[in-house]
Amino acid sequence: MSVETTAPKRHRVVIIGSGFGGLFAAQHLKRADVDITLIAKTTHHLFQPLLYQVATGILSVGEIAPATRIILRKQKNAEVLLGDVVAIDLTKKTVTSKLMDWERVTPFDSLIVAAGAQQSYFGNDHFEAFAPGMKTVDDALELRGRILGAFEAAEVTVSPAERERRLTFVVVGAGPTGVEVVGQIAELADRTLTGAFRTIDPAKARVILIEAAPAVLPPMGPKLGLKAQRRLEKMGVEVKLNTMVTDVDYMGLTVKEKDGEDFGEEYRIECAVKVWSAGVQASPLGKLVAEQSDGTEVDRAGRVVVEPDLTVKGHPNVFVIGDMMSVPNVPGMAQGAIQGAVYATKQIKSELKGADPANRQPFKYFNKGSMSTISRFSAVCQIGKLEFGGFFAWLAWLGLHLYYLVGGRNRLMAVISWFVTFLGRGRGQLAITERWVFARRALEQSKEQSAQKSIG
Ligand SMILES: Cc1cc2nc3c(=O)[nH]c(=O)nc-3n(C[C@H](O)[C@H](O)[C@H](O)COP(=O)(O)OP(=O)(O)OC[C@H]3O[C@@H](n4cnc5c(N)ncnc54)[C@H](O)[C@@H]3O)c2cc1C
């Protein structure tokens with residue numbers, strides 16, 4: 001069934017995505033004389049930088065994923081639609097989204113595409129079932145189930161080899177996400193779970209960080225990378241640099257290490273929990289838009305090589321922002337998405353007042369720096385040429401994350417949770433359910449069943 005919406009009188013802005021790019025774009029058009037339709041396939045705005053704290057039992061889902069509809073409730077010029085965008089027609093100026101069997105076609109005058117990025121397995125998509133990434137709420141809850149479930153299984157098994165496998169945790173990729181999640185798995189094992197089991201000692205868990213590059217946190221430079229590595233090693237994390245993952249299966253991983261210029265022999269790491277944080281691939285909507293433009297291309301990571309005004313060639317009304325855009329020296333970080341949203345909405349507002357799109361100033365990114373936590377009271381921080389680590393960097397991290405969390409209640413709850421976890425040992429979100437742990441299998445089975453039905 002297809003429903004064509006009736007054309008409203010005002011300038012229509014369609015925004016795809018409710019992440020940093022999409023939500024900030026909608027909010028920056030609050031006072032503009034436009035009708036906004038924000039379409040996203042999730043009902044929430046997700047604060048991805050704190051997903052790892054959901055996965056390791058510190059924060060609850062609601063604290064980092066407030067409902068978009070509620071955030072925008074008072075913004076009368078905005079409507080929120082749940083749906084998976086399956087088609088964009090730049091000639092007809094329509095976006096088609098699907099929710100279950102319903103299809104909705106939404107016309108636009110201006111379009112802001114902010115559908116973000118997904119985990120990339122560099123062509124080895126079969127790794128995903130065994131080594132999920134951390135991009136969505138589902139990912140974080142599944143990982144929480146796998147991490148805590150591994151301790152439970154280790155307590156029950158009588159096989160020493162299986163116990164060792166269950167108590168081995170591997171994180172692939174030593175970027176900020178990898179460093180943060182590996183640090184929290186180590187602290188969970190070492191502090192929170194102490195004394196909670198009878199046959200195993202969680203503190204004896206083996207926690208490994210694997211990175212193909214020769215350094216931890218490669219984009220933050222050698223000084224901070226080394227600082228982070230030393231801190232992790234002090235916590236008992238095994239850091240394996242220059243190491244490539246060649247295969248992932250249910251039982252563990254196969255890796256090979258670089259020895260000078262060459263790689264050595266492959267070897268196995270038997271482990272139950274594998275977390276993938278090694279690369280990203282932009283939403284396929286980028287390619288869809290680029291193919292309809294007058295020659296805009298996508299890069300190897302699927303990001304749209306946008307024009308200096310963040311649009312695609314031949315369509316000055318179509319902006320691609322956030323993790324989907326490829327702009328030199330703009331990293332795939334929240335700031336890039338927010339600044340892209342502010343820029344795009346500024347152009348729309350100026351042009352409503354009669355400005356000529358041909359006279360747009362190019363997008364300029366202001367680098368506010370980057371940071372990564374390692375453990376409680378320890379982070380690394382880079383602001384311009386200033387690089388520092390330790391407690392003050394951790395305080396800076398704390399303040400910044402609180403500032404960008406949406407909603408006063410969420411900020412308060414996060415502060416309480418951090419007090420409990422970082423000053424004490426407790427974590428308030430250690431619940432796991434069978435459905436979270438086995439949801440992936442159930443989904444696969446249901447897909448197989450419906451595929452068989454359609455063949456039959
Ligand atoms: C685990 C993790 C930790 C991070 N840590 C940091 C950090 O510490 N600091 C930092 O600055 N950045 C960090 N980032 C990066 C930052 O979160 C992203 O750069 C930012 O979220 C990009 O915003 P975006 O709006 O482009 O995309 P996203 O925030 O990913 O939002 C994409 C939106 O598009 C929707 N969508 C996708 N496809 C469709 C479709 N087909 N139809 C409809 N809707 C769709 C999604 O539901 C979502 O609402 C982290 C990212 C991750 C995953």
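Predicted model: local features only at pLDDT ≥ 70, side-chain atom pairs only at ≥ 80, totals over all residues.
1. Now the interface between them. On the domain 1 side, 33 residues are in contact with 37 residues of domain 2. Interface size is often quoted as the accessible area lost when the parts come together. Here domain 1 and domain 2 bury about 2800 Å² between them, and carbon and sulfur atoms account for 67% of that area.

2. Where does the ligand lie relative to domain 1 and domain 2? It lies between them, because both domain 1 and domain 2 give residues to the shell around the ligand.

3. As for the shell itself, 26 residues surround the ligand, with Gly21, Gln48, Asp84, Val85 and Asp323 the closest. If you want to find your way by secondary structure, look at α1 (20-28), β5 (84-89) and α10 (334-352), each of which supplies at least two shell residues.

4. Have a look at the backbone contacts too. A polar backbone atom of serine 18 is 2.9 Å from an oxygen atom of the ligand. For glycine 332, a backbone N or O atom lies 3.2 Å from a ligand oxygen, and for methionine 333 a polar backbone atom is 3.3 Å from an oxygen atom of the ligand. As to cover, the ligand has 1000 Å² of accessible area on its own, and the protein covers 90% of it.

Note on methods:
Residues numbered from 1 in each chain as written. Heavy atoms only, no water. Near = heavy atom within 4 Å. Polar contact = N/O pair within 3.5 Å; in protein donor to acceptor, adjacent residues only side chain to side chain. Areas by Shrake-Rupley, 256 points an atom, 1.4 Å probe, with all protein chains shown as cover. Helix = DSSP H or I, 4+ residues; strand = E, 2+ residues; numbered from the N terminus. Domains from an automatic or database assignment. Contact = heavy atoms within 4.5 Å. Buried area = accessible area lost by both parts, 1.4 Å probe.
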